[in-house]
Each structure stands twice: as structure tokens, then as C-alpha cells.
Amino acid sequence: MRYYTALSKTAGIVIAIIIIIAVAAGAYYYIQSQKAATGKTVTFVPLTGDFNKDIINVGKALEQNGIKTVQFSVWSGGDPNSVMRIYGIVEAAYRINNIWKQNNINVEIKITTRYVSNPNSVYEDYINKWSLGQAPDIMANGYTYIASLASEGYILDLTPYLNNYTSFLNQFYPTLIEAMKWKGKIYGIPQDTEARPIYIRRDVAACAGLDLAGLAEKIKDGQFTWSDLYKWALKVKESGCAPWGLIHRKGSAHPDLIQFIYAFGGKLYDEKTGKLVFDKAAVYKWFTVEKTFADHGLLPHDMMSWDWAKQIHPTVVDGKTLAFIGGTWHWFEWQTKAYYTDPKTGQQRPLTAEEVHKFFYYTLFPSGIKGKHGLTLSQPFAWMINSKAGEQNPNYDKLKDLYHELAFLVVVKASDPDIIAIHSLISGHLPVTKTAAELIKNKTWVEELKSLKIKLDPVVLNNIKSIIEKTVNPINVQFLANVTYMLEYTTFTPKHPQYPKLASLFAEALDQVLRDKMTPAQAVNFIVEKINADPDLKNSVEIVGEIPQNWTFP
Amino acid sequence: MAKSNLFSKIKGFIHSDAFIFLLPAIILIVVFYLIPIAVSVYMSFTPLRNWNIQRYIHEFVGFENYWRFFYMVTHDPTVQPIFITTVVFIVITLMVNVLGGLGLAIATFFMGEREASGTQLLWLLPRMTPIAVYSMIWYYFFHGSAIGTLNSILMALGIIHQPIDWGQSIIPWGPWMIIIFVNGLVGVSYGMIVFTSAISNIPKELVIAARVDGASNWNITKNILIPLLKWHIVYVTTWQMLSLLTTYDHIFLLVEWGLVNRYWGTTWALYIYNMAFTAAEKDLGLAAATGVILVIVGAVLGLLALKIMGFDKMVKEPRGDI
């Protein structure tokens, strides 16, 4: 019993000492953290436009506030080769960390990434998770989302930051900066852009006796229109050279098909009223063209629900169609993904650059009107910064401005010419700045990239190594140079919060037309009814024009 | 007086053993049923969209979402097919579920134990199979191209020469047939289990006595089994009807994969889901209003079903003069 009492006493003393030490340590830590929190610390750094100076000042301010690690997340999506949409941010953080290290600033940025095949699902997740504080700090996504994200207050207005970064802003092509605006304010930094050429199979055309010489010029000048392409497709089908005359992407990729509206002289947005436009005549012509192709077996009736990897790409790369409405990035995707069935081995494999060059001719999207020039459509991707960027980091309420500035500077760094140029060279998207476009022409730099001698974060290099090996070559560099002219003929889809709703109606109606469930006129009237049935949409859309009575195709 | 009577009744109930006994269930009902319904009703009076809770949750728009719903019902050409589809889907699938379940339970009652277990297990497979896998099986079975199992069988037999796009080209019965078939198979097993369990509780003496008197299987079914299963038939019918009114998981996949027509294959519950989760603009206020109306319709239908099937009589206390 005595033994038990003595032991309890000792144990009691030990426990008391432990408690006292723990309380003292806790109190010390609390006082220190309070000092840091209430002391004269910097919670905002005026930006100067000198990147190095600004990033050092922000780093010092964070350090002064006791921050050692800043955690940011970046989300994006797209084709498998466009991973620089996330690794661009990883690389930018790596470069900033190095600057801080060189200046003895003990702060580090850590980036977590998420990349999926469908950018729309990234947008969906972003809005679903924003209120929960689980949306990413930075997102690379289509500029069309800027309108809805900005109107909901989900993304940061970058205008105040960019006012101090005018020389940075001036590097970008002005049309792209315009695309980043919503109600006069800039909400995104261009990440990439592209053109949507029509690819024509050279071998299929040759088989049907079609001469491709000068076709691009004819389309550019409006001498070769959709009527001519239809006749070509028919000839291909009749001569048995390919089962299909035209293949395009599926329902979720309706921006490609919006080109038809512009090709027939229609418009989608009225600058004066700020309203969307539903042009009945142009949409009727678009649907009629596609229906005519489908009715003659030149385009599949269930085109809008084809599978990307199992149907669309294999049909195109195996030469089972004359034409394909695609994008510049497909030129590169076909070189990295095993869509092609090798006739010798029967195995699926990617095409080589030489094969892609041999098989595919590319040109602008033809006009629907004789004499009207061809066109293309761009949907630039934008870096967008969460209006709650940095929320997962310590002391957010107090250091919010610093975290936002840091997120902005990370995006500025991710716009370094070499990061943009690498993205273009491995994904087939067009560079968004003049300096990046110049860099792509620099043979020494391209050679360094190809031989992997370029200085990059080892994590980034490791992740894009295999894509670089497959895609960086003179043929692709030349391709990028050759398609750049298309940007002079580019069009955009409108930035309006209600536009995605209208666009999904186009896709629904077209699907019904292709499946022969509606005539083009019924489909146009169906869209009108759907617009009128939704009060929000009705208030946002002007319905113009009439279904043409005497217009025929081809 | 009536008010104080009600309060004293509630007070009495709270202090009773029954309350303690029912407390866990009451907590579950409040947390998982009543609060979500209250939240949905609240949401239906807000302009909540795109999950922007912080911005819209304190804005009040009155009955605007309900007005928008009725406006869409009367103006949108794709909404009417959805409501017709919902009615047809519920009526036919309910018949399949209840009659199928009842038929299976009775059939297995007359089988040997081994055959009965095997048959019941077979019919339980659709319910045991994960939704995506189960839907995938029927997706390939009804696929509109030559790779579809049904098409390839019919083509091999020479009945058809071109594949038929069942869910897209035969409107509206094609998509209806598919969604009813797929959901019907899942629902049958539920009725089968309830009825089998109920039949096993029927005193064997009744059946044996009937057999001794020379009754056939049909006579036993008509005069003994079905009358004694009346309570269970009411329960399964009401339960399944309400389940079908709110089900959308299998249908969502079949519509999403393009197997069935988007309008003639979508039910009211799926329409609400799409409005809130998959539409270009997540119109949550409108979806909540549509959901509230669905709950009201469900409640009315449930009460109506119980009334028609004489639920009151079944729960009436015995007169005590037996």
C-alpha cells in the first residue's frame, strides 16, 4: 500500500512537471504567434511591375508573418498533351522558390495539381466546391467560363494587379486580352489559344482524284465553300475511297460547330445590347448542311454521341473520312496517343510526325457563302485565380491580400516565354505572346528542348519528357508556324453567363437533326421554343432573322 | 382547449416509454428527412444558382421559382414529354414490380426449397449488382448498333436486317420499354422478398387443410395467399410507387450514355437532378422548387394509394366482440 502511495506521488510529480512544461510551451508559442499576428507586419505589398522586386517583397512579407509554406492548388483539363496547363504553375512555383532561396527568404510554395480530360468537368467541380472552400486557387480553363465565374464573384478581378504590369500585359496579343475581359475588367491571363482547322486526308483525296493544290488559298478567299466540300465528300463516298465524307467532334465539343453560324454570316452576340443572338437563318443553314451530309451517308447519324478514343480519332487517323473538323492540338495528339491501327502489324500505335504530315492537309473552315473568306474559331484558355486564393493557408483573413498577390505573381511567372513555348510545342496550341512565338522559331532553343537539356523543375521535366520526345520536331514546329496565319481569321464564342445554356441547346437540336428526329426548320423552332420557355434565357437572347424559304444546299 | 389538449398529448408522449423507444428513429427522421425537406423548401424561395450559397442564401424571391416552373411546364416543348414519361414509367413499372414480385413469391412457394432458393437468388442479382455495372449490361444489350446483343440476336435469326436504335428511334415506346425493363427487374426482387417473407408466416395448416380438401394451386393462391397478403400488397405498392417517383440513378446513366432519348427517357426526378447538377447553369432554386412540388405530389399519391387500398380499415383497432 505504501509502495503504491510512493509511486503515485512520484508519478504525480512527473505528470505535474509535464503539464507545467506543456502549458509553458503552449503559452510561449501563443505569445510568439500573437506577436507575429499583432505586430507591425506587412499584409500588403504595393506591386511595382518589376517581377523580381515584387516577388522578393511578397516573400519577405510572408516570412515576416511567420509563413514558411504556401500551399496552392491548380486544376485544369484537356487533351493528354496539354498538361503544361498545370505544370506551368508547378514550374512557376519552382522558379519563385529558387528566387526566394537565392535571397535567403525561408518561404516555399507547394503546388498540388489535378488534370482531367474534360475541362468542363473542372469548371463544374470548381463551382460546386467554391462555397465549401475546396475549389483550386488557380484554374486554367476556357475563357468562356469567365463570364459566369466573374458574375458569381468566384474569380479575382486582376485589373488592379495588371495596372502595375502593363509591360507584361502588352506581351499578349490584344485580341486575347479582350477575350479575358468581363464588363471592362480583366479576369484572366491568356494561357493558350488555338485554331480549328479542317483536316483533309491527302490519301483519300488522291484516291478520289481530288486536287488539293491551292485549296487553302481558295478557302481563304471564299472560292471553295461548304457546297464544294459536300461535292468532294460525295465523290469520295461514291468512289469507295472512304466510308465517310466528314467527321466532327461530339456533343460536348460544340464550339467547333459554332463556326457554321459565322460561316453563314450569322452572329452570336450583340455588342450594343450586350445580349446573345440567336440567328435563325444562319442556324437553319448550319443544320441543313449537316443534315444533307448525314442523309447521304457522309456523316454518321449518331455523330454527336461518338466515342473520342474508340470512334472519332481512329476513324480520322485510319483514313476512313475525307474531312475532319478538328483543332491544331489534334496534330500533336495523334502523335502521342495510339489511335492508329498499323496496317502491317494490326496493332494500335500513335502516328509519327512524318505520317501526320503525309496524311493530313489543313486549311481554314470554309465559308458557306461564295466570296466570303474562310474562318476559324479560338477558345483561348485562361489562368483564373480563385477570389479566395490561399484560403487553405494560415492566417488567411489577415494575409488574404498577400496570398492573392502571390497567386497573381505565380501566374505571371507561368507566362514566361519558355513555359508558353513548351506548351505550344508539345500540345499544338498557339503561343499567346509574341516573345514565345519568337522562341519557337529559335532552332537552338528547340534543339535544347528536344534533347531535354532545358532547365526545368525535375518533376515537370519528368512528366512531360515522353511528350517532348514524341512531339518536338521540325515538322511540328513548321506546322505551328503554318497555322498561325489562321488567327487573322479567327472568331470567338460570346462571353455571357447564359451562353453555355444556349450552346447546349444547339448541340441538343443538332443531335435531333442528325438522327432524323427533326427537320432543320423544326430544330430552329425547337430552340426558339426552348429559349422562350426559360425566362432567364428569354431575357438574355435576341432572336433575329427568319428561316429562309428559298435557300437550298448544296 | 383543443390546443392545450394537443400540447398535453405531446407532453405525455415525450414522457412515455414509447418516446424513448422511438427516439433513435425520430432523430434519424429529423436529421435525414425533415431538415433536408426544410432546407429544400427554403432554397426554393431563393435565387440560389451555381452553388453560390454565400451570395444567394439570404436573398428571397418569393414564389418566383414556382412561377418559373409552371412557366416551363406550359411553354417548354421538352418538359411535357418528361411528365408523360414519368406517369407511364411509374404506372407500368409499378405493375411489373408488384405483380412480378407477387408472382415470383407465389411461384417459389409452390417449388421445392432448393429450386425456390435458386430462383430467388437469380432475381436478386439485379439488386446486388452495382448500378453502373447493371446499367452497362443493359446498355450493351439494347445498344442501337450491330454491337447491341438484342440487335445481333435478331439479325442472326433473320428477324431484322438492320440494327434498330431501340432507345432513340422508336419514340416514345423504345425508351419507355428500356427504362421500364431495367428498373422493373431491380424492383421485382424487393416485392419478392417482402411477399416471400409474408407467405412464410402464413400458418401451414391453412394450406395443408386446403390441399386435403382438394384445392389446386390456383385456389390456394386466390383464396388463401392473396387475401392474407393484402397488407403487404398495400405496403409494397405504396413504397414502390414512391420509390419510382424519386428514382433516377439507372435512368441517368442510360440517358447520359445516349442509349435512350433524352426527353422520352427522362423522369421528373432525373429532370430535377439535371437542373441542379448537370445543366450549364446550376439552377438550384428552381430545382428545389421542382423538388418540393415532387415531394407534395409524392405525399398526395402516397395518401391516395393508402386510401384506395383501404389502409384505414386494416389498421382499425379490433372491435373486441370477437
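In this predicted model, helix α3 (residues 84–102) of chain A packs against helix α17 (residues 396–414) of chain A at an angle of about 105 degrees, and their axes are 8 Å apart. Angles of 65 to 115 degrees count as roughly perpendicular, so α3(A) is roughly perpendicular to α17(A). On the α3(A) side the contact uses G88(A), I89(A), E91(A), A92(A), A93(A), R95(A) and I96(A), and these meet V410(A), K413(A) and A414(A) of α17(A). By class, the residues of this contact are six nonpolar, one polar and three charged.

A helix pair in chain B can be read in the same terms. Helix α5 (residues 79–109) of chain B and helix α13 (residues 230–246) of chain B pack at an angle of about 145 degrees, with 9 Å between their axes. The crossing of α5(B) past α13(B) is right-handed. From α5(B), the residues in contact are F89(B), I90(B), T93(B), L94(B), N97(B), V98(B), G101(B) and L102(B). They face I233(B), V236(B), T237(B), Q240(B), M241(B), L244(B) and L245(B) of α13(B). The contact of α5(B) with α13(B) contains 10 nonpolar and five polar residues, and no charged residues.

Next comes the contact between the chains, to which chain A gives 19 residues and chain B gives 18 residues. On the side of chain A that touches chain B, α4 (119–130), α23 (499–514) and α24 (520–533) of chain A each supply at least two residues. The largest share of that side, five residues, belongs to α24(A). The residues on the side of chain A that touches chain B are six nonpolar, seven polar and six charged.

Chain A also holds an open sheet of three strands, in the order β9-β10-β18 (chain A), with mixed pairing. Its edge strands are β9 (269–270) and β18 (541–544) of chain A, each of which pairs on one side only. Strand β10 (residues 275–279) of chain A runs parallel to β18(A) and is joined to β18(A) by four bridges. One residue pair can be located in these strands: V277(A) has E542(A) in β18(A) as its bridge partner. Strands of a sheet pair through backbone hydrogen bonds, in either a parallel or an antiparallel manner.

Finally, the confidence of the prediction for chain A. The average pLDDT of chain A is 91, and 95% of the residues score at least 70. Residues 1–6 of chain A have a pLDDT below 50, and this stretch makes zero contacts in the model beyond near neighbours in sequence.

Note on methods
Residues numbered from 1 in each chain as written. Chains lettered and ligands numbered in written order. Predicted model: local features only at pLDDT ≥ 70, side-chain atom pairs only at ≥ 80, totals over all residues. Axes fitted to C-alpha atoms, helices over the stretch in contact; angles between N-to-C directions. Parallel < 35°, antiparallel > 145°, perpendicular 65-115°, else oblique. Contact = placed C-beta atoms within 7 Å. Nonpolar A, V, L, I, M, F, W, Y, C, P; charged D, E, K, R; others polar. Left-handed = near helix turned anticlockwise from the far one by under 90°. pLDDT = per-residue confidence, 0-100. Pairing = 2+ DSSP bridges.
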